[in-house]
Amino acid sequence: MNILNALGSASMLLTDGHIFELNAQLVNDIILQGIAIFILFFFLSSVLFEPVKKVLSNRSEKIKNDIESAAKDKEEAAAMKAEYDEKLKAIDKEREEILKAARKAAQKRETLIVEEANAEAARIMDRANQEIELEKSKVSDEMRKEIVRVATAMAAKIVEQQIDESKQNALIEDTLKEMGGSTWLSR
């Protein structure tokens, strides 16, 4: 039965001498619709596609310009980085020179301070020596005054005892020997 059904449907397709029942009206409608589609395509391409193409072209041109600008900016940034690196190296070198100069100045200042301290110490030593000499001189003067006082006291005793001149001379010589240059200087 399947075969008969298939033959029956084939015979229906070939009725009236037209394949798939294409008649003149159907062919005219297909051609008119095709022309309408082409007219619509050309209209839409001029109204929509051309502006879209233009927008896409402008966008691609802008992207291209942005890429070129970015590459240029990247080169400028690399140049600026190199320049800053050079400046940093120069600053480091200058810093080292400043530190070196500061160290030299500090050493000179240290030497100057040590020399001033040594000079001040020498002045203090000189003053101390002068004061020692003054004290020695004062002690020597006081000792001489004491000798004179003792001699005066002896003279008073001599006068009191009324001794003769030879005893008096011997007493003075003994006193001078006891208080003479070697005795009072050794104390």
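A salt bridge here is a side-chain nitrogen of Lys or Arg within 4 Å of a carboxyl oxygen of Asp or Glu. R95 and E96 make one, with their closest N and O atoms 3.6 Å apart. This is a predicted model, where local features need pLDDT of at least 70, side-chain atom pairs count only at pLDDT 80 or more, and totals for chains, interfaces and linings use all residues. Residues are numbered from 1 along each chain as its sequence is written, and side-chain values use heavy atoms, leaving out hydrogens and water.

The structure has 9 salt bridges, among them these:

| Salt bridge | N to O distance |
|---|---|
| K62 and D66 | 3.4 Å |
| R95 and E96 | 3.6 Å |
| E133 and K136 | 3.9 Å |

K62 and D66 sit 4 residues apart in helix 2 (residues 24-161), about one turn of the helix. E133 and K136 are in helix 2 too, 3 residues apart. Salt bridges also link E120, R123 and R127 in a network.

How open are these spots? Buried means under 20% relative accessible area, exposed over 50%, and partly exposed in between (1.4 Å probe, protein chains only). K62 is exposed at 52%, while D66 is partly exposed at 40%. Across the protein, buried residues make up 4% of the 187.

As for folds, the protein has 4 helices and 0 strands, counted as DSSP runs (H or I, at least four residues, for helices; E, at least two, for strands) numbered from the N terminus.
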